[in-house]
Amino acid sequence: MKRFHVHISVDHLDQSLKFYSALFGQAPTVAKPDYAKWMLEDPRVNFAISARGGEAGIDHLGFQVDDEAGLEAVHAQLQQAGKAIIAEPGTTCCYAKSDKYWVQDPTGIAWETFRSLGSIPTFKQNSASMPEAEDASQTAAACCAPKCCG
């Protein structure tokens with residue numbers, strides 16, 4: 001089964017946390033100083049916001065899948081779209097380790113297809129031995145889309 005994923009860059013995380021918690025009728029599943037995520041069941045959506053220095057608005061869209069078979073099925077669909085695909089196996093971003101595929105739609109919107117493998121303590125890790133600084137001002141991109149897609 002797939003879960004729709006939306007990630008929005010926001011200017012004021014505290015105000016957005018309050019707004020989206022009220023809108024969804026629940027607190028976020030993950031809450032960090034610069035990021036929050038709601039894993040909604042009705043509708044089935046992985047909705048995330050972050051305040052990491054990027055332009056406010058839609059950061060990217062995507063699909064979260066439950067297993068490797070689901071990820072490869074969506075990857076096959078992306079190949080049919082005829083756009084360049086970037087594979088990121090075992091990457092770290094948004095406080096999680098994931099296998100991902102990225103593609104950009106004809107209007108330039110980044111689409112992320114991923115399966116989560118577990119959580120990590122920082123927003124992004126450059127390598128297992130060198131985690132990212134927690135200071136959001138040291139991060140160039142609002143999220144972790146590769147250069148082609150963000």
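In helix H2, the residues Leu71, Val74, His75 and Leu78 are buried. Seen down the axis of H2, the buried residues fall within an arc of 110 degrees, so they line one face of the helix. An α-helix has 3.6 residues a turn, so residues three or four places apart point the same way. The face of H2 turned away from the buried side carries the exposed residues Ala69 and Gln80. The model described here is predicted.

H2 covers residues 68–80 and has 13 residues. From first C-alpha to last, H2 reaches 19 Å, close to the 18 Å expected at 1.5 Å a residue. Just after H2 comes Gly82, with a positive phi of about 75 degrees.

The chain as a whole holds 2 helices and 10 strands. Along the sequence, these elements follow the pattern β-α-β-β-β-β-α-β-β-β-β-β. The chain has 150 residues, and 43% of them count as buried. Among contacts with a separation of 6 or more, 56% are between residues 24 or more positions apart. The chain exposes about 8100 Å². Carbon and sulfur atoms supply 55% of that area.

Strand S8 pairs with S5 and with S7. S5 and S8 run parallel and are joined by 4 bridges. In this pairing, Gly62 stands opposite Glu112 of S8. S7 and S8 run antiparallel, with 9 bridges between them. Here Lys100 has Phe114 of S8 as its bridge partner. S7 and S8 form a hairpin with 5 residues between the strands. Within this hairpin, Gly108 takes a positive phi near 95 degrees.

Thr113 lies in strand S8. The relative accessible area of Thr113 is 3%, under the 20% cut-off, so the residue counts as buried. Residues up to four places away in sequence set aside, Thr113 touches Phe63, Leu71, Val74, Leu78, Asp99, Lys100 and Tyr101. Three of these contacts, Leu71, Val74 and Leu78, are with buried residues of H2. Lys100, also touched by Thr113, is the residue bridged to Phe114 in S8.

Ala96 lies in strand S7. Ala96 is buried too, with a relative accessible area of 11%. Neighbours within four places in sequence aside, Ala96 is in contact with Thr91, Gly118, Ser119 and Ile120. Ala96 and Ser116 are 20 residues apart in sequence. In space, 6.7 Å separates Ala96 from Ser116, C-alpha to C-alpha.

One further feature concerns the backbone. A cis peptide bond joins Asp42 and Pro43, with omega about 0 degrees. Pro43 is placed in the loop between strand S3 (35–41) and strand S4 (44–50).

Conventions:
Residues numbered from 1 in each chain as written. Predicted model: local features only at pLDDT ≥ 70, side-chain atom pairs only at ≥ 80, totals over all residues. Heavy atoms only, no water. Expected span 1.5 Å × (residues − 1). Buried < 20%, exposed > 50% of the residue type's maximum accessible area, 1.4 Å probe, protein only. Arc of directions from axis to C-beta. Contact = heavy atoms within 4.5 Å. Pairing = 2+ DSSP bridges. Areas by Shrake-Rupley, 256 points an atom, 1.4 Å probe, with all protein chains shown as cover.
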